Amino acid sequence: MLRILFVCHGNICRSPMAEFVMKDMVRRAGLEDRFVIGSGAMHRDELGNDTHYGTKAKLRQMGIPFAKRKATLVRRDDYDAYDYLIGMDGKNIYDMKRVFGGDPGNKIYMLLDFAGERRDVADPWYTGDFDATYEDVRKGCRGLLDFLEKRGLLRC
């Protein structure tokens, strides 16, 4: 079982978008029984709130199913609970390493690293551009699946 946690600032825009995009990709590939996929926040601003309406609208537009949920805070024990902790930007990476006391197991990544791009996924909370965020999330999730395949982690 591969356990992936997507992380952003408030867990209402980027990380839930990545969670639902990745769940859809693994479902379409017939691999959903091989994954546990979640998302979390590094800050308390939006705790308890559902996914942002802009994220839900974009997911609907792309035909990606999602469920009602509540933003949750990343906890120190998430480091042991997940195999991959994937931040949306450099600040998320910094915050995760602070909370987890570093990254001794080399589990922390930036999403776009998997797409061969060393840059942040822009936060649509500030940009208002859910289309650009979706494209980055889609590329990153596709790259993550390819990465896992190349490592032989998707074989039965």
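One cut-off before the tour: a residue is buried when its relative accessible area is under 20%, and exposed when that area is over 50%, with partly exposed in between. Keep in mind that this is a predicted model.

Start with an aromatic residue, Tyr-84. Buried or exposed? Its relative accessibility is 6%, so Tyr-84 is buried. Now its partner, Phe-147. That one comes out at 23%, so Phe-147 is partly exposed.

How do the two rings meet? The ring centres of Tyr-84 and Phe-147 are 6.2 Å apart, and the planes stand at 90 degrees, so this is an edge-to-face pair. The pair joins distant parts of the chain.

How many aromatic pairs does the structure hold? The count is 7. Ring pairs also build a cluster from Tyr-84, Tyr-109, Phe-114 and Phe-147.

Stay with helix 6, but look at its other partner here, helix 2. Helix 2 covers residues 53–61 and helix 6 covers residues 130–150. Two numbers describe any packed pair of helices: the angle between the axes and the distance between them. Here the angle is about 65 degrees, and the axes are 10 Å apart. The crossing is right-handed.

Which residues make that contact? From helix 2, we have Gly-54, Thr-55, Lys-58 and Gln-61. From helix 6, we have Phe-130, Asp-131 and Tyr-134. By type, that contact has 2 nonpolar, 3 polar and 2 charged residues.

Now burial in helix 2. Gly-54, Thr-55, Lys-56, Lys-58 and Leu-59 are buried there. Their cover includes helix 1, residues 14–28, and helix 6. After helix 2 comes Gly-63, with a positive phi near 70 degrees.

Last stop: two lysines and one tyrosine. Take Lys-107 and Tyr-79. The charged end of Lys-107 sits over the Tyr-79 ring, 4.8 Å from the ring centre.

Then Lys-97, in helix 4, residues 90–100. At 39% relative accessibility, Lys-97 is partly exposed. What does Lys-97 touch, leaving out residues up to four places away in sequence? Gly-102, Asp-103 and Ile-108.

That is the tour. Over to you.

Terms used. Residues are numbered from 1 along each chain as its sequence is written. This is a predicted model: local features need pLDDT of at least 70, side-chain atom pairs count only at pLDDT 80 or more; totals for chains, interfaces and linings use all residues. Side-chain values use heavy atoms; hydrogens and water are left out. Axes are lines fitted to C-alpha atoms, for helices over the stretch in contact, and angles run from 0 to 180 degrees between N-to-C directions. Helices (H or I, at least four residues) and strands (E, at least two) are DSSP runs, numbered from the N terminus. A crossing is left-handed if the near helix is turned anticlockwise from the far one by less than a right angle, and right-handed if clockwise. Contact means heavy atoms within 4.5 Å. Ala, Val, Leu, Ile, Met, Phe, Trp, Tyr, Cys and Pro count as nonpolar, Asp, Glu, Lys and Arg as charged, and the others, Gly among them, as polar. Rings of Phe, Tyr and Trp (its six-membered ring) pair if their centres lie within 6.5 Å; planes under 30 degrees apart count as stacked, over 60 as edge-to-face and the rest as tilted. Buried means under 20% relative accessible area, exposed over 50%, partly exposed in between (1.4 Å probe, protein chains only). A charge sits over a ring if NZ of Lys or CZ of Arg is within 6 Å of the ring centre and within 35 degrees of the ring normal.
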